[in-house]
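Please read them alongside the model.

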Amino acid sequence: MANEVCVNCGQPATYRTMTQAANTDFYCEFHGKKSYPNGGLMRLDEEQPPATVLPPGSGQTDTSLIMRGGGEVEDSRLGRVVQFDERSRSFPMTELIAELEPAKAYKPRSHTWNCGVHLDQGQEGSCVGHAWAHELVAPPVVIEGIDHDFARWIYKTAQKYDQWAGEAYEGTSTLAGAKVCAGRPPKMAEGRGLIGEYRWIFGDMDELIKTLGYFGPVVLGTNWYAGMMNTDKDGFVRKTGSLMGGHCILIKGVTLTKKAVRLHQSWGESWGQGGDAWLSFADLEALLGEQGELCVPVHRKEWG
């Protein structure tokens, strides 16, 4: 255990904030739990070495990477961490679906919103930033100037404002990415919101199908399994094998004949089917039952 003392009372420290920076704060048991009731601390006797982030294109993959919140992932690219805000339940997609004219509201259809860019996050856990960047460059409102650097900016900004202290650990939440793109609070995105609003789908597959059919792509936060690391011969990822970590990815389409959604991956065009994959309705429903989330940007804006 490190020989440090609590910043509040000078007693021997039990915890440190979850960062490897030299100016990290140390806390005793009492003041640590008082200052960070929802996490953001690591016990000194359980400290891990700083996670190594490999550069894009290195061809290497870290294993057992320590994430924000203290969890582990088996692949450094899997950087989605669960953060649910109960207030999100006040913003369901249901209300907007109900506003569709009856002919559309009750007729699900197959549709794909073609995203013309496949960004590659490399080995960094920036999937949240890249998923949201893909959403911004996809119809119905295509925003110009979105590239890998912008995706990393979304990710790094989200880390500053999510619920976990520090930025030295990998990962952030789908919610934090949505807030960055919406510019909430204004300082988060330099006062420049690229989406006017975002809504949530709470596990309703019919609602998801209609959203993909008429409104636009959906950002998915989900557990990611070994059977999803690559596509099978039919272009599907499968919810099989061991849990590898959490991932954030864009759903850009739906097909009723295959009973599947189309995923737009952030691992380059050499992955899957030109960077894309199918995920069956059955597997998606199961993943949503494991704290999966579906976020829908609405009222999207031009760059300005």
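Is arginine 262 buried or exposed?

1. In this predicted model, arginine 262 is buried, its relative accessible area being 12%. Its partner in a salt bridge is aspartate 276, with an N to O distance of 4.0 Å. The arginine belongs to strand E10 (residues 260-264) and the aspartate to strand E11 (residues 276-280), so this pair ties together parts that are 14 residues apart in sequence. Aspartate 276 has a relative accessibility of 7% and therefore also counts as buried, the cut-off being under 20%.

2. A second salt bridge joins aspartate 206 to lysine 210, where the closest N and O atoms are 3.0 Å apart. Both residues are in helix H7 (residues 205-214), with a spacing of four residues, about one turn of the helix. Aspartate 206 is partly exposed, at 37% relative accessible area, whereas lysine 210 counts as buried at 8%.

3. Aspartate 75 and arginine 77 also form a salt bridge, and 2.9 Å separates their closest N and O atoms. Each of the two, aspartate 75 and arginine 77, is buried.

4. For the overall count, the structure holds 12 salt bridges. Among them are the pairs aspartate 75 with arginine 77, aspartate 206 with lysine 210, and aspartate 276 with arginine 262.

Definitions and conventions
Residues numbered from 1 in each chain as written. Predicted model: local features only at pLDDT ≥ 70, side-chain atom pairs only at ≥ 80, totals over all residues. Heavy atoms only, no water. Salt bridge = Lys/Arg side-chain N within 4 Å of Asp/Glu carboxyl O. Buried < 20%, exposed > 50% of the residue type's maximum accessible area, 1.4 Å probe, protein only. Helix = DSSP H or I, 4+ residues; strand = E, 2+ residues; numbered from the N terminus.
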